[in-house]
Amino acid sequence: NFEININKKLKNADLVISMPYTSTALIGIKNKKPSMFYDSTGRLSDSPYNDVEIISSTKSLEDWVNKVIDSK
C-alpha cells in the first residue's frame, strides 16, 4: 500500500512549483510555502489562478526561485 501525505512532504519543502494546475500549489500556500504554477507551454494567462502566480518562461521561473532563495 503506497500512500503519500502531501502535507507531510510539504513541511520539508522550501517552495512549491506545480505543473500543470494542481492542488499541490494551493496546499503549499495553506502550509505557508512560496507556491506557483509553471506553464511551460505559455498558453495560459499570466494572471493568478486562485491567488497562485502563473509563470510561463524559464527566465521568470529562475527569477522566482532565486527570489525565494534570497528571502531565506
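User: Why does Leu-44 count as partly exposed?

Analyst: This is a predicted model. Partly exposed is the class between buried, under 20% relative accessible area, and exposed, over 50%. Leu-44 has 35% relative accessibility, so the residue counts as partly exposed.

User: Where does Leu-44 lie, and which residues form a nonpolar patch with Leu-44?

Analyst: Leu-44 lies in the loop that runs between β2 (35–38) and β3 (53–55). On the surface, Leu-44 forms a nonpolar patch with Tyr-21 and Tyr-49, and together they have about 260 Å² of accessible area.

User: How should I read the two faces of β2: buried or exposed?

Analyst: In a regular strand, side chains alternate between the two faces of the sheet. In β2, Ser-35 and Phe-37 are on one side, with Met-36 and Tyr-38 on the other; all are buried, and both faces are covered.

User: Which strands pair with β2?

Analyst: Strand β1 (residues 16–18) pairs with β2 in the parallel sense, over three bridges. Ile-17 has Met-36 of β2 as its bridge partner.

User: Which residues make up the largest nonpolar core?

Analyst: A nonpolar core is a set of buried residues joined through side-chain atoms. Here the largest has six residues: Met-36, Tyr-38, Ile-55, Leu-61, Trp-64 and Val-68. β2 and α3 (58–70) each supply at least two of its residues, and α3 gives the most, with three.

Technical notes. Residues are numbered from 1 along each chain as its sequence is written. This is a predicted model: local features need pLDDT of at least 70, side-chain atom pairs count only at pLDDT 80 or more; totals for chains, interfaces and linings use all residues. Side-chain values use heavy atoms; hydrogens and water are left out. Patches are made of residues with over 30% relative accessible area and no salt bridge: like charges are joined within 9 Å, nonpolar side chains (Val, Leu, Ile, Met, Phe, Trp, Tyr) within 5 Å. Accessible areas come from the Shrake-Rupley method with a 1.4 Å probe; for residues, only the protein chains shown count as cover. A salt bridge is a side-chain nitrogen of Lys or Arg within 4 Å of a carboxyl oxygen of Asp or Glu. Helices (H or I, at least four residues) and strands (E, at least two) are DSSP runs, numbered from the N terminus. Buried means under 20% relative accessible area, exposed over 50%, partly exposed in between (1.4 Å probe, protein chains only). Two strands pair if DSSP finds at least two bridges between them. A nonpolar core is a set of buried Ala, Val, Leu, Ile, Met, Phe, Trp, Tyr and Cys residues joined through side-chain atoms within 4.5 Å.
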